[in-house]
Amino acid sequence: QVQLEESGGGLVQAGGSLRLSCVASGSISSINAASWYRQAPGKQRELVASILSGGGTNYADSLKDRFTISSDNAKRTVYLQMNSLKPEDTAVYFCNMVVRRSFGLGIANYWGQGTQVTVSS
């Protein structure tokens with residue numbers, strides 16, 4: 001079994017910054033792709049950013065100038081650096097990884113539990 005654990009959320013003033021982390025543990029051979037999603041109350045979950053094993057990244061158009069996704073394969077961790085935060089960024093942020101499992105078990109998709117980000121004005 002593979003587990004993802006997010007951290008770094010909290011309460012921050014508008015204009016501030018936060019860095020979210022998501023650590024993968026378990027029987028993982030490699031991480032093929034990782035993404036951050038967010039979901040605000042009463043709204044659908046939306047893709048924030050993604051990163052592929054080759055280093056390519058993709059962002060929501062409205063966020064690409066403020067958010068940066070990165071990864072550290074040795075630590076099995078993906079990060080989301082969030083700058084110039086706005087109250088509209090308030091949401092639960094989830095990480096997702098597509099991984100190749102050890103022992104020839106193939107590729108699978110996993111979700112973290114989410115971390116709350118609240119931006120005050």
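Trainee: Leaving aside neighbours within four places in sequence, what is Gln 13 in contact with?
Mentor: Val 119 and Ser 120, once those neighbours within four places are left aside. Keep in mind that this is a predicted model.

Trainee: Okay. Where is Gln 13 found?
Mentor: In strand S2, which covers residues 10–13.

Trainee: Is Gln 13 buried or exposed?
Mentor: Gln 13 counts as exposed, because its relative accessibility is 59% and the exposed class starts over 50%.

Trainee: How many residues apart in sequence are Gln 13 and Asp 89?
Mentor: They are 76 residues apart in sequence. In space, their C-alpha atoms are 11 Å apart.

Trainee: Stay with Asp 89. Buried or exposed?
Mentor: Buried, at 2% relative accessibility.

Trainee: Which residues does Asp 89 form salt bridges with?
Mentor: Arg 38 and Arg 66. With Arg 66, the closest N and O atoms are 2.8 Å apart. Asp 89 lies in the loop between S8 and S9, and Arg 66 in the loop between strand S6 (57–59) and strand S7 (67–72), so this pair ties together parts 23 residues apart in sequence. Arg 66 counts as buried too, at 12%.

Trainee: And how far apart are N and O in the bridge to Arg 38?
Mentor: That one is 3.0 Å, N to O. Arg 38 sits in strand S4, while the Asp 89 loop runs between strand S8 (77–82) and strand S9 (91–101), so the bridge ties together parts 51 residues apart in sequence.

Trainee: How many salt bridges does a search of the whole structure find?
Mentor: Three. Arg 38, Glu 46, Arg 66 and Asp 89 are linked in a network of salt bridges.

Trainee: New topic. How many aromatic pairs does the structure hold?
Mentor: One. The rings belong to Tyr 37 and Trp 111, with centres 4.9 Å apart and planes at 55 degrees, so the pair is tilted.

Trainee: Which strands do Tyr 37 and Trp 111 lie in?
Mentor: Tyr 37 is in strand S4 (residues 28–39) and Trp 111 in strand S10 (residues 106–111), so the pair ties together parts 74 residues apart in sequence. Tyr 37 is partly exposed, with a relative accessible area of 21%. Trp 111 is partly exposed as well, at 38%.

Trainee: What charged end sits over the ring of Trp 111?
Mentor: The charged end of Arg 45, 4.9 Å from the ring centre. The charged end of Arg 45 also sits over the ring of Phe 94, 3.8 Å from its centre.

Trainee: On to cysteines. Which ones form a disulfide?
Mentor: Cys 22 and Cys 95, with their sulfur atoms 1.9 Å apart. Cys 22 is in strand S3 (residues 18–26) and Cys 95 in strand S9, so to speak distant parts of the chain, 73 residues apart. The disulfide count comes to one.

Trainee: Are Cys 22 and Cys 95 buried or exposed?
Mentor: Cys 22 counts as buried, at 0% relative accessibility. Cys 95 is buried at 0% too.

Trainee: Last bit. How many residues has the largest nonpolar core?
Mentor: It has 32 residues. Those with the most contacts inside the core are Trp 36, Leu 80, Met 82, Tyr 93 and Met 97. The largest share of this core, five residues, comes from S9.

Trainee: What is Tyr 93 in contact with, leaving aside its neighbours within four places in sequence?
Mentor: Quite a list. Among them are Trp 36, Leu 80 and Met 82. The list also includes Tyr 37 and Arg 38.

Terms used. Residues numbered from 1 in each chain as written. Predicted model: local features only at pLDDT ≥ 70, side-chain atom pairs only at ≥ 80, totals over all residues. Heavy atoms only, no water. Phe/Tyr/Trp six-rings, centres within 6.5 Å; stacked < 30°, edge-to-face > 60°. Helix = DSSP H or I, 4+ residues; strand = E, 2+ residues; numbered from the N terminus. Buried < 20%, exposed > 50% of the residue type's maximum accessible area, 1.4 Å probe, protein only. Lys NZ or Arg CZ within 6 Å of the ring centre and 35° of its normal. Salt bridge = Lys/Arg side-chain N within 4 Å of Asp/Glu carboxyl O. Disulfide = S-S within 2.5 Å. Contact = heavy atoms within 4.5 Å. Core = buried A, V, L, I, M, F, W, Y, C linked by side-chain atoms within 4.5 Å.
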